[in-house]
Amino acid sequence: MEGTGTKTGGQNMGGRHPGHRRRFTCRKQGWLEPVLFVSLFSVLLLALLLQIRGIRRSIGTVQQNHWTQVRNVRVRIGNGENASWKKVMLPETIRNLPGGTKVTVSFRLQSDGSSMLFLNPVYSPVDVYADDKLIYSYGTQGTWPPYMPDPPTGAFSVKLPAHRDEHLLHVELVYTSPKSRSVLALHSMVTGSGDAVLRYLFKRYGYSWVSSLLFIIAGIVMCGLSLLYITFEKHGFRLALPGLLIVLAGVWEFSENTMSIYLTHRPTILYILAFTGMYAMLLPLFVFVQKFTKAESGLFLSVLRWILEAAVLGSLFLQLAGIVPFTRSLYLFHVLLPADLILMAVYMLYLGIWKKNRPAVAMFLAILVLAVAAVLELLNYYVVFTDRNSALFQTGLQIFCLIILVFGCVEVRRNMNLRYRNLELAHDIGILEQSVELQKERSRVLTAYESDIRRQRHDLRHHLRYLRQLLQDGRDKEAAAYIESLDQAIPAGTVTRYCENSLVNAVISYHVALARSDQIRMEVGVQIPAANPHISDAHLCVILGNLLENACEACRRMTEGERWIRLRAKVHGDLLFISMDNSCSGAVQLQDGRYLSSKRNEEGIGLRSVRSLAKAHDGSAEFTSGDNWFRSEICVRL
């Protein structure tokens with residue numbers, strides 16, 4: 001607390017003192033940072049749990065709830081005479097198809113005229129026929145941008161007409177296989193009311209959809225916190241890097257989620273956002289890792305980042321130019337992303353083991369988790385574990401982000417503590433500089449006194465000869481008058497010694513002079529030895545300087561009442577007990593056992609410095625207050 005001072009009833013060291021060795025922890029940042037950290041961690045953990053539950057839903061079967069899953073499906077590839085029908089169980093993936101191949105899916109179902117059929121075509125146009133009548137078309141030429149060779153993935157419901165007489169409604173879906181890939185994915189289809197279809201989508205994709213929204217919110221909050229921290233800590237922007245990574249990961253997951261496509265009806269925009277988020281999300285990771293491990297000048301990580309940046313910009317340009325779609329450049333990133341992560345993990349291990357870089361060791365674990373998830377996702381693309389694309393990598397990414405959140409908050413807190421230690425050091429240096437300047441002034445005054453004394457000794461011989469002559473001549477009155485004039489000419493000493501320690505004495509003298517100039521009554525009774533083996537004179541000056549500075553400032557703030565300071569210090573064995581009481585105006589702010597500074601909403605630098613020095617020298621520091629008074633009690637080992 002700065003500028004907090006007070007009056008006390010105890011004027012001497014006989015009252016309660018902090019002689020016992022009290023353990024305490026300085027409260028650095030208050031309650032805001034832990035609350036934000038726990039909140040963000042909880043949000044990301046909830047997102048991870050929802051993602052895992054979504055994967056379990058996609059691997060298992062979705063319990064039916066007023067919807068009917070389409071079964072007894074027949075598929076025909078092509079329209080030629082050699083084309084034949086075969087039964088399949090959806091979902092089904094048909095491979096090695098030339099672009100533009102017609103694939104017909106046929107099935108029969110009941111319909112009362114209010115049923116909806118949910119479809120999820122992947123990069124392929126589809127025409128829907130009911131009893132040989134076209135009722136819906138998706139992805140017809142011209143309905144998507146010209147820079148895309150195929151329509152984006154769709155998710156929509158088609159209203160089915162009632163079936164005729166006693167016959168079931170005959171439905172045919174005619175797909176056109178994508179031009180940009182040789183695979184046609186046939187996802188599961190369900191029928192039911194509009195509400196039933198929405199419930200089906202939420203049960204199957206809702207957990208991951210909510211997870212993506214939580215991820216985006218958490219990332220935005222982290223970016224916002226970086227703006228808060230950067231106002232008083234230049235390294236605060238580092239928190240924005242994992243925040244940006246989390247936002248990009250959330251955008252990727254949200255944009256490729258089937259429920260998002262179904263609800264927004266903006267498949268093209270989501271297509272661009274999904275691939276951009278997936279390709280670019282590792283870029284802030286590279287920057288964060290470089291800054292977190294202080295490896296900005298390292299060429300290895302920079303080269304990996306440059307390669308990834310070139311790949312991201314190149315793929316975006318080629319897609320918008322209509323040359324290479326994202327669905328083709330995806331194969332490059334299937335190799336590039338896992339390779340970058342594996343190489344980054346190896347490099348972090350190298351920095352940690354050979355360069356003794358502790359942050360690199362911590363980062364190695366997080367990157368290893370992400371690298372394993374990337375490899376599993378690559379295997380899932382060719383050997384299907386789950387039909388939800390990117391689910392495994394996104395799960396690993398969420399675990400990674402939880403770890404990064406911890407590292408990010410620890411890094412910010414470390415920087416904040418370092419900043420506060422620097423402020424304390426600068427404050428203590430200021431106290432020492434004051435004492436040094438005062439000591440120089442005292443030395444200058446003493447040197448001037450010595451010069452005067454030498455001159456006066458020289459003159460004294462002449463005075464003594466003159467006095468001897470006056471006495472020999474019997475001129476006693478003239479001799480007495482001459483002695484009186486000499487006595488008035490001798491200068492009075494102005495240097496006050498408060499204790500045996502000259503440096504501490506200089507600090508006390510400095511603040512006594514300031515107090516008297518401000519009409520502050522000050523009483524000093526201190527006993528501090530000249531030499532103390534367990535504590536330096538500089539530390540003693542910092543302790544006393546901080547206490548006196550705070551007390552003087554508190555008295556200056558008073559607008560009424562008597563302003564006073566009382567300083568006492570005594571030695572008992574090898575312990576020095578310091579007690580200082582001072583007046584102040586009004587009540588002192590107290591929070592969690594710490595007195596808040598009058599300049600900021602946290603414990604002042606002066607009191608924090610006193611606490612830390614007392615603890616470092618096997619002592620303690622206690623501060624108490626009452627109506628218009630404040631007491632400081634310090635104990636240190638000499």
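Me: How many aromatic pairs does a search of the whole structure find?
Reply: The model is predicted, so local features need pLDDT of at least 70 and side-chain atom pairs count only at pLDDT 80 or more, while totals for chains, interfaces and linings use all residues. Residues are numbered from 1 along each chain as its sequence is written, and side-chain values use heavy atoms, with hydrogens and water left out. Rings of Phe, Tyr and Trp (its six-membered ring) pair if their centres lie within 6.5 Å; planes under 30 degrees apart count as stacked, over 60 as edge-to-face and the rest as tilted. The number of aromatic pairs found is 16.

Me: What is the geometry class of the aromatic pair F275 and F326?
Reply: The ring centres of F275 and F326 are 5.2 Å apart. The angle between their planes is 20°. The pair is therefore classed, by the cut-off of under 30 degrees, as stacked.

Me: How many residues apart are F275 and F326?
Reply: Helices (H or I, at least four residues) and strands (E, at least two) are DSSP runs, numbered from the N terminus. F275 belongs to helix α5 (residues 267-280) and F326 to helix α8 (residues 326-354). The pair links distant parts of the chain, and the separation in residues is 51.

Me: Is F326 buried or exposed?
Reply: Buried means under 20% relative accessible area, exposed over 50%, partly exposed in between (1.4 Å probe, protein chains only). F275 has a relative accessible area of 8% and is buried. F326 has 1% relative accessibility, so F326 also counts as buried.

Me: Which residues form one aromatic cluster with F275 and F326?
Reply: F275 and F326 are a stacked pair. They are both members of one aromatic cluster.

Me: What distance separates the charged end of R74 from the ring centre of W85?
Reply: A charge sits over a ring if NZ of Lys or CZ of Arg is within 6 Å of the ring centre and within 35 degrees of the ring normal. R74 and W85 form such an arrangement. The distance to the ring centre is 4.5 Å.

Me: What is the distance between the end C-alpha atoms of helix α7?
Reply: The expected span of a helix is 1.5 Å times one less than its number of residues. Helix α7 (residues 299-320) has 22 residues and should therefore span 32 Å. The model agrees with this, as the end C-alpha atoms are separated by 31 Å.

Me: Which helices do the buried residues of α7 pack against?
Reply: The buried residues of α7 include L301, L304, L308 and V312. Contact means heavy atoms within 4.5 Å. The packing partners of these buried residues are α5, α6 (282-292) and α8.

Me: Which residue in β19 is the bridge partner of L575?
Reply: Two strands pair if DSSP finds at least two bridges between them. Strand β15 (residues 575-583) runs antiparallel to β19 and is joined to it by nine bridges. Strand β19 (residues 629-637) has eight of its nine residues buried. The partner of L575 is R637.

Me: Which residue in the turn of the β18 and β19 hairpin has a positive phi?
Reply: Strand β18 (residues 620-626) joins β19 through seven antiparallel bridges, with S620 opposite C635. Two residues lie between the strands of this hairpin. The residue with a positive phi, about 65°, is N628.
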